[in-house]
Amino acid sequence: MLKKKLGLVSFAALTLTLAACQNDNDATTESGGTDTGVSESTSGDNGSEAGIPTFDTVMGNDEDSIEGGVLNYALVASSPFQGVFSPEFYEDAYDSELMGFTHEAMFSVDENFMLSQDGMATFEFDQEAATINITLKDDLKWSDGEPITTEDVLFSYEVIGSADYTGVRYGADFTNIVGMEDYHTGNSDTISGIKVIDDQNISIEYMEVNPSILQSGGGIWSYPMPKHQLENVAIADMAASDEVRKNPVGAGPFRVKSITPGESVEYEANEYYWKGAPKLDGVVADVVSPETVVSEVENGRYDVASMPTDLYDTYKDLDNLTLLGREQLAYTYLGFKLGNWEPAVKDDAGNIVTPARNVLNPDAKMADVNLRKAMAYAIDNNEIAVEFYQGLRENAKAMIPPVFADFVNEDIEGFYLDLEKAEQILDDAGYEDVDGDGFREDTEGNPLEIKFASMSGGATAEPIAQYYMQQWNEIGLNVTLSTGRLIEFQSFYDMLEADNEEIDIYQGAWGTGSDPNPTGLYGETAAYNYLRYVNDENTELLDKINSAESFDPEFKFQAFRDWQEHMFENVPVIPTLWRSEVFAVNNRVKNYDITYGTTDGWEAVELTSDSPY
């Protein structure tokens with residue numbers, strides 16, 4: 001029994017995150033007064049005999065609101081935030097979370113994660129002409145009072161498309177724009193497919209279009225960039241500039257008042273916000289470790305916090321809180337290093353000759369699918385989910401979270417614990433213990449040591465890493481920790497991005513965003529494809545997902561299901577857990593809404609008292 005082997009420890013899913021979360025954060029609820037907002041379902045989950053918590057998604061509260069007030073927000077993290085306050089340049093979930101107060105996309109999103117017409121801009125999409133026409137609403141302003149115009153929209157595309165751009169956003173969504181490659185390689189000073197018509201209207205022409213273009217987070221980059229503030233900053237220097245790090249300008253309900261680097265951000269109300277000034281006077285966001293966040297919210301120090309789900313039992317009954325929860329647009333996984341990132345090749349003039357791309361290494365240590373498959377059958381994610389997450393996790397059978405119901409291939413059984421099967425796979429593939437030391441050699445009879453990278457953070461980081469290695473050792477594989485210890489979040493991320501040779505397999509998590517299209521994570525030119533997994537079949541299946549035929553819903557859903565089947569059979573990734581997220585909300589908070597597709601954001605939040613205690 002897994003629980004016996006692990007000495008009754010609980011687990012926190014470690015995550016690598018650019019849009020997911022490093023810590024085990026999850027949840028959602030609606031209630032008023034001192035009701036916790038939690039109920040129990042009567043059905044079991046993955047064999048669990050316990051009831052599964054269900055949650056509301058809106059913080060209801062019948063008490064009268066005070067005028068203004070400052071909300072205290074806990075950014076639950078085990079390491080300092082980077083402080084890159086730019087949608088174009090940020091790379092991890094912490095900065096994204098902090099920008100939720102200051103930055104806002106042009107388009108609103110409905111409950112199905114499709115772009116809608118209720119945001120700062122409306123749009124008209126012409127499938128036949130492969131164009132989208134965007135119209136900004138009247139009198140939009142940046143947080144410094146300057147007008148937002150289509151020049152700001154164009155500027156964001158020019159920055160991301162520049163050969164000097166240092167971020168990770170440039171990929172298929174941008175190369176699909178007419179004229180973007182010529183601009184990127186220096187053959188043109190302009191992007192011919194983007195035309196500014198006037199201050200409020202802009203047109204973007206694509207080489208081809210697919211349904212993801214109308215999905216939130218899909219093919220349309222929807223963040224304008226303050227040209228008046230950044231146009232004199234060299235693109236290569238933008239990410240490190242004071243304009244981005246210290247004095248960011250955004251279009252959200254709040255603006256940055258002060259920053260303590262890596263530790264805290266103080267926000268004040270943005271009176272120029274397009275929906276009107278927010279109800280709160282301000283917000284203070286502090287980094288709070290997952291080890292202390294329960295006591296902090298219990299003591300009333302913070303009003304809102306995304307909570308570690310492995311500690312759920314320690315806070316589920318606190319009477320000063322309401323818990324909100326929802327299925328998370330994310331999954332935890334184990335990834336195999338299968339190749340390397342090949343930088344763009346430039347000529348003497350600095351023009352790009354060959355774009356950057358992922359390259360598969362057929363001689364990589366983990367290149368054998370049988371080795372990867374055996375490791376997948378050696379671990380019991382189902383038991384981890386049931387025994388240690390109170391139903392807030394479930395065994396991930398595939399790589400599309402269940403919140404995207406129609407996209408999920410329900411015929412895939414997923415990986416499950418079967419040590420005999422795992423050992424048989426290794427035996428049949430020729431992995432034998434030649435020297436009798438208890439560990440198998442590779443198929444050529446050479447010593448095989450597999451380096452496993454796992455992040456530090458939280459009391460359960462070490463036990464979960466040790467569990468995985470214990471299970472792999474049990475089938476005769478010598479798996480050791482990369483660098484000999486758990487790795488701090490930012491260092492882990494740096495090593496992964498650099499294809500450090502200390503990493504053969506790693507544990508991470510991806511936030512899918514509201515578009516389940518996997519191309520940005522597993523495509524040939526995707527910088528986020530840290531596996532460096534590339535083959536013709538994978539590319540062909542991704543091309544089907546991105547084809548015009550996918551405007552037919554049934555074709556689209558089947559293309560997604562076929563891709564999931566391919567990934568299951570080839571095992572470049574072991575999906576481990578589908579996730580839920582839980583938010584602890586102090587009972588003095590009102591109108592906090594985490595419903596997918598809601599039009600009420602931070603601008604609508606109010607407080608019912610000056611003190612959270």
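This is a predicted model: local features need pLDDT of at least 70, side-chain atom pairs count only at pLDDT 80 or more; totals for chains, interfaces and linings use all residues.
**Core.** I looked up the largest nonpolar core and found 172 residues in it. Leu71, Tyr157, Phe452, Trp472, Leu477, Tyr522 and Tyr592 touch the most other members. I then listed the contacts of Tyr522, leaving out residues up to four places away in sequence.

**Strand S13.** I checked which faces of S13, residues 304–307, are covered, and both are. Val304 and Ser306 are buried on one side, and Ala305 and Met307 are buried on the other. In a regular strand, side chains alternate between the two faces of the sheet.

Next I looked at the partners of S13. Strand S3 (residues 70–76) runs parallel to S13 and is joined to it by two bridges. Strand S23 (residues 573–586) runs antiparallel to S13, with four bridges. I noted Val304 in both pairings: Tyr73 stands opposite Val304, and Val304 stands opposite Val585 in S23.

**Four-stranded sheet.** I traced an open sheet in the order S6-S7-S9-S8, with antiparallel pairing. S6 (121–126) and S8 (194–196) are the edge strands; each has a single partner, so one side of each lacks a neighbour in the sheet. The twist averages 15° from one strand to the next.

I followed S8 to its partner, strand S9 (residues 201–205). The two run antiparallel and are joined by three bridges. Lys195 stands opposite Ser203 in S9.

Technical notes: Residues are numbered from 1 along each chain as its sequence is written. Side-chain values use heavy atoms; hydrogens and water are left out. A nonpolar core is a set of buried Ala, Val, Leu, Ile, Met, Phe, Trp, Tyr and Cys residues joined through side-chain atoms within 4.5 Å. Buried means under 20% relative accessible area, exposed over 50%, partly exposed in between (1.4 Å probe, protein chains only). Contact means heavy atoms within 4.5 Å. Two strands pair if DSSP finds at least two bridges between them. Axes are lines fitted to C-alpha atoms, for helices over the stretch in contact, and angles run from 0 to 180 degrees between N-to-C directions.
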